[in-house]
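I opened this notebook to record what I looked up in the structure shown below. The entries follow the order in which I consulted it.

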Amino acid sequence: MNNGQILDKLKGRYPESIIGSDEFRGDLTVNVRKDDIVRVGEFLRSDPDLSFDLIVDACGVDMYRPEERFEVVYNIYSLKNKRYIRLKVRVGEEDPTVPTVTGVWPGANWHERETWDMFGIKFAGHPDLRRLYMPEEFEHHPLRKDFPLMGIPDSLPLPRR
Amino acid sequence: MAIESLQRDGFLTTRLDEVIKWARKNSLWPMPMGISCCAIEMMATASPRFDISRFGSEVMRFTPRQCDVMIVAGTVNYKMARVVRKIYDQMPEPKWVISMGACASSGGMFRSYAVVQGIDQFIPVDVFVAGCPPRPENLLHALMDLQKKIQGEASMGRGRGLPIYIPENPEPAIKAQPA
């Protein structure tokens with residue numbers, strides 16, 4: 001299957017869920033509506049022709065703009081077709097919540113935890129949404145564009161000398 | 001002179017303090033706190049080529065209970081700082097700390113929110129070693145500096161709350177008395 005066929009199949013099944021798409025140097029990117037990411041993912045994984053069964057990475061992007069500030073990017077691979085697809089979901093700053101895809105690809109578990117830790121994007125329905133890198137009691141999200149490089153003073157306690 | 005009297009008379013006189021310090025400085029058992037690439041150089045220091053056992057420090061113990069000097073070899077981030085402090089607290093007195101390399105001493109190239117910009121913010125450091133990573137010779141030099149420091153300070157009743165820095169020209173431990 002080539003990218004055009006994959007996109008046609010996806011659009012044929014969920015025309016209203018696909019906001020846009022882009023192809024760059026043979027890599028297909030599909031923008032998906034936030035609330036439909038789970039069913040689109042489920043279709044991509046379970047369809048016998050597509051068989052996108054491996055989540056390579058899920059991460060966040062801070063676009064630092066007034067509307068739809070954050071983006072969550074999923075890189076999915078099909079072992080059967082030896083093809084990648086990239087799904088993008090946009091989410092606003094006021095309620096940065098995206099449905100979890102751990103039910104579709106269990107490998108997304110830690111990727112979503114990392115995205116929560118670094119960007120503060122919540123994943124609704126995630127089984128264990130703890131921070132991955134930073135200490136539990138840390139209150140900020142370091143990869144947001146408005147987070148200072150050297151951190152916020154006294155936000156990370158050191159042991160007493 | 002002392003050796004001559006030992007050979008001639010079969011005994012020597014000295015201060016107990018000096019003997020204790022002499023024993024301590026020549027059997028500094030390290031706690032290898034190897035947390036990144038500096039640890040590779042620390043391992044090389046233990047290898048036959050550089051041979052840290054020439055200084056009595058070949059006994060690397062992986063339990064803090066048996067160690068005298070902690071060699072912090074690597075980048076310490078805020079999450080790891082608690083672990084380093086806990087291991088330091090578990091070491092019995094007297095104890096010393098060598099901060100090995102740029103990362104442990106100052107944060108090094110990791111000028112970032114996650115990395116402690118110098119471990120002296122949470123444990124007292126006796127010797128800082130420059131380098132990224134330092135050569136094994138440099139670590140051995142630090143060990144020799146520490147030995148000099150131990151020989152130069154009092155052996156007992158010494159508070160470990162504050163670090164003791166070696167001045168450029170250290171005063172002799174025993175001053176000559178005017179006649």
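**Entry 1. Model.** I note at the outset that this is a predicted model.

**Entry 2. The sheet of chain B.** I looked up the strand order first. Chain B holds an open sheet of four strands in the order β1-β2-β3-β4, with parallel pairing. I then asked which strands stand at the edges. They are β1 (30–34) and β4 of chain B; each has a single partner strand, so one side of each is left without a neighbour in the sheet. On average, neighbouring strands of this sheet are turned by 15° against each other, direction ignored.

**Entry 3. Strand pairing.** I went through the pairs in sheet order. β1(B) pairs with β2(B) in the parallel sense over five bridges, and B:P32 stands opposite B:I71 in β2(B). Strand β2 (residues 69–73) of chain B runs parallel to β3(B) and is joined to it by five bridges. Here B:V72 has B:S99 of β3(B) as its bridge partner. From β2(B) the chain crosses through helix α4 (residues 78–90) of chain B to β3(B), and this β-α-β crossover is right-handed. Three bridges pair β3(B) with strand β4 (residues 127–129) of chain B, again in the parallel sense. In this pair, B:M100 stands opposite B:V129 in β4(B). The path from β3(B) to β4(B) leads through helix α5 (residues 101–106) of chain B, and this β-α-β crossover is right-handed.

**Entry 4. Burial of β3(B).** I asked how many residues of strand β3 (residues 96–100) of chain B are buried. Five of the five are buried, so the strand is largely enclosed by the rest of the structure. In a regular strand the side chains alternate between the two faces of the sheet.

Entry 5. Helix α3 (residues 38–46) of chain B lies across β1, β2 and β3 of chain B and runs at about 135° to β2(B). Helix α6 (residues 136–152) of chain B packs on the sheet and touches β2, β3 and β4 of chain B. The direction of α6(B) makes about 165° with that of β4(B).

**Entry 6. α3(B) against α6(B).** Two packed helices are described by the angle between their axes and the distance between the axes. The axes of α3(B) and α6(B) cross at roughly 75° and come within 9 Å. That makes α3(B) roughly perpendicular to α6(B), since angles of 65 to 115 degrees count as such. I listed the residues that meet: B:E41, B:M42, B:A44 and B:T45 from α3(B), and B:P136, B:L139 and B:L140 from α6(B). The residues of this contact divide into five nonpolar, one polar and one charged.

**Entry 7. B:E137.** B:E137 and B:I87 are 50 residues apart in sequence and 26 Å apart in space, C-alpha to C-alpha.

**Entry 8. Contact between the chains.** Finally, I looked up the contact of chain A with chain B. Nine residues of chain A and 12 residues of chain B take part. The side of chain B that touches chain A has seven nonpolar, two polar and three charged residues.

How values were computed. Residues numbered from 1 in each chain as written. Chains lettered and ligands numbered in written order. Predicted model: local features only at pLDDT ≥ 70, side-chain atom pairs only at ≥ 80, totals over all residues. Contact = placed C-beta atoms within 7 Å. Nonpolar A, V, L, I, M, F, W, Y, C, P; charged D, E, K, R; others polar. Buried ≥ 20, exposed ≤ 12 C-beta atoms within 10 Å, placed from the backbone. Helix = DSSP H or I, 4+ residues; strand = E, 2+ residues; numbered from the N terminus. Pairing = 2+ DSSP bridges. Right-handed = clockwise from strand over helix to strand, strands pointing away. Axes fitted to C-alpha atoms, helices over the stretch in contact; angles between N-to-C directions. Parallel < 35°, antiparallel > 145°, perpendicular 65-115°, else oblique.
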